[in-house]
Amino acid sequence: VGVDREAWSHYTLSGRGRPATGVLAPEDPFDSEDFARVSHDVGLAGRRLDEAGFPRGANGTRLSLEYKTSTNETAIAIAKLIKHDLGEAGIAVSIRPAEWGTFFGDILNGDFQIYTLTSPAIADPDFHRWLLSSGTIPPAGSTSNRGGYRNEGLDALLWAGSAGPRYVE
């Protein structure tokens with residue numbers, strides 16, 4: 001809601017990318033039009049932040065976040081656009097670029113507030129399990145579920161559709 005994904009896709013990727021609408025690519029057979037699609041709406045972002053207990057302070061800022069990114073030129077350009085958009089909603093963002101090993105190490109260790117990474121559009125149940133299973137939350141099993149998403153119902157569906165080995169939980 002607070003980030004104009006269409007704009008940053010257009011300006012930083014020269015129109016060659018498309019904003020994500022969720023974890024799954026639209027071509028993925030498991031994607032659904034039933035999933036809510038979110039549009040850029042600064043007013044709505046502000047109202048949601050108010051409801052969540054983050055009103056604007058005297059300086060106009062609701063909260064401050066650190067955005068970790070690599071030193072890649074495109075990644076930094078995306079970070080600057082996200083910083084701008086979140087700033088309109090009252091979220092102050094400081095950008096902290098680091099060389100790839102340091103940046104990715106922080107992500108793997110959960111040492112971040114916000115970050116972005118790209119992901120391939122892979123329509124494979126084993127990839128979905130690797131990406132979203134609670135068994136892949138670091139440091140257990142794998143390191144792919146860096147956001148720490150945990151849902152027993154989804155886990156059951158992921159394992160039902162998977163042919164791969166079970167990660168240690």
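Mentor: Happy to! One definition to begin with: two strands pair if DSSP finds at least two bridges between them. Keep in mind, too, that this is a predicted model.

Trainee: How many bridges join E1 to E3?

Mentor: Pairing takes at least two bridges. E1 and E3 run parallel, and Tyr67 has Ile114 as its bridge partner in E3. The number of bridges joining E1 to E3 is two.

Trainee: Which strands stand at the edges of the sheet?

Mentor: The open sheet has three strands in the order E2-E1-E3, with parallel pairing. An edge strand has a single partner strand, so one side of it is left without a neighbour in the sheet. The strands at the edges are E2 and E3 (114-115).

Trainee: Which helix packs on the sheet?

Mentor: Look for a helix touching E1, E2 and E3. Its direction makes about 130 degrees with that of E1. The helix spans residues 100-108 and is H4.

Trainee: Which element gives the most to the largest nonpolar core?

Mentor: That core has 14 residues, and Tyr67 is among those with the most contacts inside it. Helix H2 (42-51), strand E1 (63-70), helix H3 (73-88) and strand E2 (91-98) each give two or more residues. With four residues, the element that gives the most is H3.

Trainee: Is Phe112 buried or partly exposed?

Mentor: Phe112 forms an edge-to-face aromatic pair with Tyr115, 4.6 Å centre to centre. Buried means under 20% relative accessible area. Phe112 has 23% relative accessibility, so it counts as partly exposed.

Notes. Residues numbered from 1 in each chain as written. Predicted model: local features only at pLDDT ≥ 70, side-chain atom pairs only at ≥ 80, totals over all residues. Heavy atoms only, no water. Core = buried A, V, L, I, M, F, W, Y, C linked by side-chain atoms within 4.5 Å. Buried < 20%, exposed > 50% of the residue type's maximum accessible area, 1.4 Å probe, protein only. Phe/Tyr/Trp six-rings, centres within 6.5 Å; stacked < 30°, edge-to-face > 60°. Contact = heavy atoms within 4.5 Å. Axes fitted to C-alpha atoms, helices over the stretch in contact; angles between N-to-C directions.
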